[in-house]
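Colleague: Could you walk me through this protein, please? I would like to go slowly and ask about single residues as we look.

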Amino acid sequence: MEGSLSSALGLYGLFTVVVGVAVAIHFQKSEARLNLSPASSVFLLLLLVAASLCSIYLPQSVGFVVFTVCCYLVYRSLCSNGILSPEGKTVLITGCDSGFGYTLAKRLHSLGFRVFALVLQEESDGAQELKSICSDRLTVIEMDVTNDAVIQEVQKEVAKQLNNRGLFALVNNAGIIIHIGDAEIIPIDAYKRCMEVNFLGTVQVTKAFLPLIRQAKGRIANISSPSVWLALVMWGAREEKKDDVLHFDFHTKTIE
């Protein structure tokens, strides 16, 4: 009886070690780090306690099956609670004067990423608030996504500051809405301006920073608009240009 109990405890111990090693290998390969919330920690603790009780009070074969299932659940739970490690990773975001770009720049910086926040005007409220953070991991740079000469200058400056480390991610967020109205009465210049910023701006910025993205085996996130799928009344100019961004996004992924 004692020999049988010792064998069972040995199997439980072996399974526990296997789960621990599997979790360690998972996070090592994914370059992620464990990010457990208090609720998740309590759940895992209760799960392990329940598994131990089942292994003691249930028949050996049934207890072993229950313990194995619990170990699998623990493994899945731990792996799903991973968060990408920001160490040595740099993200460049356009359109950080306000809205999503501004919020994303602050959030990624708070997580530990190095962020280049590109703004249309350095004097804007959003740019000044980002500058007030006073961090060496958050750099605010003025750049017009429609000015290719300025884009090239910014690319050189970013490459210099990165010191050959490359970009982990480029977030093409810059976009505008000039006129909201019936397509028939919107001036053709409004369509041209939207195309210039929302689509061609995305293409120019992506082409300029692709070498840095390849260098770090990074990724590109092109921010579009819900109006691409929703036929919103009087948003014709923006819808067409943001739809082009989606097509460019697919083509870029295909090339890369």
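Colleague: To start with, where is C96 found?

Modeller: Before I answer, please keep in mind that this is a predicted model. C96 is found in the loop that runs between strand β3, residues 90–93, and helix α4, residues 99–111.

Colleague: And is C96 buried or exposed?

Modeller: C96 is buried, because its relative accessible area is 0%, and the cut-off for calling a residue buried is under 20%.

Colleague: Which residues is C96 in contact with, leaving aside its neighbours within four places in sequence?

Modeller: With those neighbours set aside, C96 is in contact with G101, Y102, A105, A117, L118, V119 and L130. If you pick out L130 from that list, you will find that C96 and L130 are 34 residues apart in sequence, while their C-alpha atoms are 8.9 Å apart in space.

Colleague: What about G99, where does that one lie?

Modeller: G99 lies in helix α4, and with a relative accessibility of 45% it counts as partly exposed.

Colleague: Let me step back for a moment. How many helices and strands does the protein have?

Modeller: The protein has eight helices and seven strands. It has 256 residues, and buried residues make up 40% of them.

Colleague: How much accessible surface does the protein have?

Modeller: The accessible surface comes to about 14,800 Å², and 61% of that belongs to carbon and sulfur atoms.

Colleague: Which residues make the nonpolar surface patch?

Modeller: The patch is made by L45, V49, L53 and Y57, and its area is about 450 Å². Of these residues, L53 lies in helix α2, which covers residues 38–57, and L53 is partly exposed, with a relative accessible area of 43%.

Colleague: Now for charges. How many salt bridges does a search of the whole structure find?

Modeller: The search finds two salt bridges. As a general point, side chains of opposite charge can pair when their charged atoms come close.

Colleague: Which residue does E122 form a salt bridge with?

Modeller: E122 forms a salt bridge with K131, and the closest N and O atoms of the two are 2.5 Å apart. E122 counts as partly exposed at 25% relative accessibility, and K131 is also described as partly exposed, with a relative accessible area of 35%.

Colleague: And where do E196 and R193 lie?

Modeller: E196 and R193 both lie in helix α7, residues 188–215, where they are three residues apart, about one turn of the helix. Their side chains meet in a salt bridge with an N to O distance of 3.0 Å. E196 counts as partly exposed at 31% relative accessibility, and R193 is partly exposed with a relative accessible area of 32%.

Colleague: What sits over the ring of F168?

Modeller: The charged end of K89 sits over that ring, at 5.6 Å from the centre of the ring of F168.

Colleague: Changing topic to the backbone, what is phi of N163?

Modeller: N163 has a positive phi of about 55 degrees, although this residue is not a glycine. N163 lies in the loop between helix α6, residues 148–162, and strand β6, residues 169–172, and it counts as exposed at 53% relative accessibility.

Colleague: What about K217, where does it lie?

Modeller: K217 lies in the loop between helix α7 and strand β7, the latter covering residues 219–222. Phi of K217 is near 50 degrees, which is again a positive value in a residue other than glycine, and K217 is exposed, with a relative accessible area of 75%.

Colleague: One more, then: which strand does A221 lie in?

Modeller: A221 lies in strand β7 and is partly exposed, with a relative accessible area of 31%. Leaving aside its neighbours within four places in sequence, A221 is in contact with L170, V171 and N172. A221 and L170 are 51 residues apart in sequence, yet their C-alpha atoms are 6.2 Å apart in space.

Technical notes: Residues numbered from 1 in each chain as written. Predicted model: local features only at pLDDT ≥ 70, side-chain atom pairs only at ≥ 80, totals over all residues. Heavy atoms only, no water. Lys NZ or Arg CZ within 6 Å of the ring centre and 35° of its normal. Patch = residues over 30% accessible without salt bridge, like charges linked within 9 Å, V, L, I, M, F, W, Y side chains within 5 Å. Areas by Shrake-Rupley, 256 points an atom, 1.4 Å probe, with all protein chains shown as cover. Salt bridge = Lys/Arg side-chain N within 4 Å of Asp/Glu carboxyl O. Helix = DSSP H or I, 4+ residues; strand = E, 2+ residues; numbered from the N terminus. Buried < 20%, exposed > 50% of the residue type's maximum accessible area, 1.4 Å probe, protein only. Contact = heavy atoms within 4.5 Å.
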